[in-house]
Amino acid sequence: MNTTNSNCITCNAHQVKDDTREWEITPDGRVWPCCFFANAWDKRRNNNDNETKRLMEDKVIWNLLQTDPEWNSLNTHELDDIVNHKVFWTHIWYTGWESDNPPPICLKECSNNKAQLNIKKHNNRGGENGLETREYVR
Ligand code: SF4
């Protein structure tokens, strides 16, 4: 599998050698692709947290939380069903990382020393603008 892309994102939660993937579960029973996403979710009530800000600026995840608020909750879904959710195999996966709109968290955290360049690119697309949407997140 090609692990380099135009956004220079290399996922720390995907072991290319044996093609395995790690998952992170927050105390409220939500499954995330890694600790960066889990931390962002855990800190969602902290108005100044940049990790959460990036999660809320992720339009794909944000729309998912609006249309299906329990999409990654083990309280309502089986683990297998959650980890097979298409968002984990499109948006937060190589097709998403190579796209024009990769997850902001991935751009910041796993972009091979290109973080500032990528954040600038993200800002130019309208990211990092505000947290007015956070009040709708449970
Ligand atoms: S932030 Fe994205 S690229 Fe980095 S480990 Fe998490 S899912 Fe993988």
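Select Asp19 to start: this residue sits in the loop between strand S1 (14-15) and strand S2 (20-21). Strands here are DSSP runs of E with at least two residues and helices are runs of H or I with at least four, numbered from the N terminus. The phi angle of Asp19 is near 50°, a positive value in a residue other than glycine. Is Asp19 buried or exposed? Asp19 is exposed, with 8 other C-beta atoms within 10 Å. For these words, C-beta atoms are placed from the backbone and the others within 10 Å of a residue's own are counted: 20 or more means buried, 12 or fewer exposed, and anything in between partly exposed.

A word on what you are viewing: this is a predicted model, in which local features need pLDDT of at least 70 and side-chain atom pairs count only at pLDDT 80 or more, while totals for chains, interfaces and linings use all residues. Residue numbers start from 1 along each chain as its sequence is written.

Next, go to Cys8, in the segment before S1. Cys8 also has a positive phi, near 60°, and is a residue other than glycine. Cys8 is partly exposed, with 16 other C-beta atoms within 10 Å.

Now zoom out to the whole protein. Seven helices and four strands are present, and along the sequence they follow the pattern β-β-β-β-α-α-α-α-α-α-α. Of the 138 residues, 27% count as buried. Counting contacts (C-beta atoms, placed from the backbone, within 7 Å), residues 24 or more positions apart account for 51% of those with a separation of 6 or more.

Tyr94 lies in helix H5 (residues 94-97) and is partly exposed, with 16 other C-beta atoms within 10 Å.

Move on to the largest nonpolar core, where a core is a set of buried Ala, Val, Leu, Ile, Met, Phe, Trp, Tyr and Cys residues joined through C-beta atoms within 7 Å. Among its 20 residues, Trp32, Phe37, Ala40, Trp41, Leu55, Ile105 and Cys106 touch the most other members. Two or more residues each come from strand S4 (31-32), helix H1 (35-42), helix H2 (50-56), helix H3 (59-67) and helix H6. Which of these elements gives the most to the core? H1 does, with five residues. In soluble globular proteins, nonpolar side chains tend to be buried together.

Stay with H1 and select its buried residues: Phe36, Phe37, Ala38, Ala40 and Trp41. They pack against strand S3 (24-25), S4, H2 and H6. Then click Leu55, which touches Phe37, Ala40, Trp41, Ile61 and Ile105, leaving aside residues up to four places away in sequence.

The ligand is the next stop. Of the 13 residues around the ligand, Cys11, Pro33, Cys34, Cys106 and Cys110 come nearest. Helix H6 (residues 104-109) gives the most to this shell, with three residues.

Finally, color by pLDDT, the predictor's confidence in each residue from 0 to 100. The mean is 84, and 77% of residues reach 70 or more. Over residues 129-138 the pLDDT is below 50, and this stretch has eleven contacts in the model beyond near neighbours in sequence. Where pLDDT is low, the predicted coordinates should not be read in detail.

Technical notes. A residue is near a molecule or strand if its C-beta atom, placed from the backbone, lies within 6 Å of it. Two residues are in contact if their C-beta atoms, placed from the backbone, lie within 7 Å.
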